[in-house]
Amino acid sequence: MPHLFDEFALRGVTLRNRIGVSPMCQYVAEDGMADDWHLVHLGARAAGGAGLVMVEATGVVPEGRITPGCLGLWTDDHIEPLARIVRFMRDQGAIPALQIGHAGRKASSDQPWVGGAYLSAEEGGWEIVGPSPVPFHDKAPVPRELTPDAIAEIQEAFRAATRRAIKAGFDWIEVHAAHGYLMHSFHSPISNQRTDNYGGSFENRVRFTVDTVRTVRAEWPEDKPMSVRVSSTDWAEGGWTLEETVELSKILRDEGVDLIDCSGGGGTPLAKIPVGAGYQVPFAEAVRREAGVPTAAVGMITEAYQADQIVRNGQADMVLLAREMLRDPYWPQNAAAALSKKDLAYVPDPYHRAHGRNMAKVIAAGASGGLVN
């Protein structure tokens, strides 16, 4: 079986290891524009040795952002700030990835560190939309039910964002269909009470996701991978289930999706989530085994041996780390040391003196005027 520091190839892209940086919203953009914070945040993790670095959920329309501070890709002006980050990540040997999405009925919220409440129009908020006029909780605004024409417009926005992602130079694209955002809200009977072609049966509830994925894959280059992040279960009675996730994954596989990013929850505040170390790994294992498609595992993966065993035991093809990467951008380097794989860790040339590599050259440089500490 492969281990954590084996390469991982999908289509024409090869990751240097099985470690990815999960897309994590930073909530600091203005008008959807990436800035120096995003460059340093993402660039540090590329320099830290991850094989894949994924940019946070990026709105395909302004109304698709979770907060006013979320990134966007609804105009050509958004391309170059992202391209700058892509160039730096690629220079560090990481595969630059982008997650695109629409927040649906969980959009128009404030930054989480000031409470994350829904914003009124006076506070800079906007109208939210969803499959049905069902609010996320009893104090949330009621979303406007999307008409078929409005659904088609959003799908065209995904198409346009995909074209811009190509111009920005990304090598991997992910469609966000998890965490209670627009696509997931179509999946779940908790939030989808439609009676037309987008509601009721499993086939109808996944139609929006499948059609949108088909639209994105048609634009995305054939030699570049595409993944979809799913909530594998709602963890709530009457909600979306793991069994349905497996069936959806089979459909997505046949539509040209190369990897399923197996997360969970986010669709209802009533979810009963058994949070603990590796608590979502069984989802990736089930989808990989039963749908026959590569998967990424997420959720409280913090230790090197834990991550390595997930890959070695065939539970997932790679791991995506979030909070642990916030705590330690150089987690891959430290994991390589813990697993006695230091020779496989990526270390930027200016940092070699801290890792005992090429010390003779470093000392020689110090003797000729370079600084050695």
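Buried means under 20% relative accessible area and exposed over 50%, with partly exposed in between (1.4 Å probe, protein chains only). Keep that in mind for this tour of a predicted model, in which local features need pLDDT of at least 70, side-chain atom pairs count only at pLDDT 80 or more, and totals for chains, interfaces and linings use all residues. Residues are numbered from 1 along each chain as its sequence is written, and side-chain values use heavy atoms, with hydrogens and water left out.

**Stop one: Ser340**

Select Ser340, in the loop between H11 (331-338) and helix H12 (359-367). Helices (H or I, at least four residues) and strands (E, at least two) are DSSP runs, numbered from the N terminus. Ser340 has a relative accessible area of 62%, so it is exposed. Its phi is near 60 degrees, a positive value in a residue other than glycine. Most residues other than glycine have a negative phi.

**Stop two: Tyr27**

Now jump to Tyr27, in the loop between strand E3 (19-21) and helix H1 (36-47). Here too phi is positive in a residue other than glycine, near 65 degrees. Is Tyr27 buried or exposed? Its relative accessibility is 17%, so Tyr27 counts as buried.

**Stop three: Arg164**

Next, pick Arg164 in helix H3 (residues 148-168). Arg164 is buried, at 15% relative accessible area. Show its side chain together with that of Asp76: a polar contact of 2.9 Å joins the two. (A polar contact is a pair of N or O atoms within 3.5 Å; within protein, one must be able to donate a hydrogen and the other to accept it, and residues adjacent in sequence count only if both atoms are side-chain atoms.) Leaving aside residues up to four places away in sequence, Arg164 touches Leu73, Trp74, Thr75, Asp76 and Ile79, where contact means heavy atoms within 4.5 Å.

**Stop four: H7 and H8**

Display helix H7 (residues 242-254) and helix H8 (residues 281-291), which pack at an angle of about 50 degrees with their axes 9 Å apart. Which residues of H7 meet H8? They are Leu242, Thr245, Val246, Ser249, Lys250 and Arg253, and their partners in H8 are Phe283, Ala286, Val287, Glu290 and Ala291.

**Last stop: H9**

Finish at helix H9 (residues 304-312), where Ala304, Gln306, Ala307, Asp308, Ile310 and Val311 are buried. These buried residues pack against H8, strand E11 (295-297), strand E12 (318-321) and helix H11. Just after H9, look for Gly314, with a positive phi of about 75 degrees.

Methods
Axes are lines fitted to C-alpha atoms, for helices over the stretch in contact, and angles run from 0 to 180 degrees between N-to-C directions.
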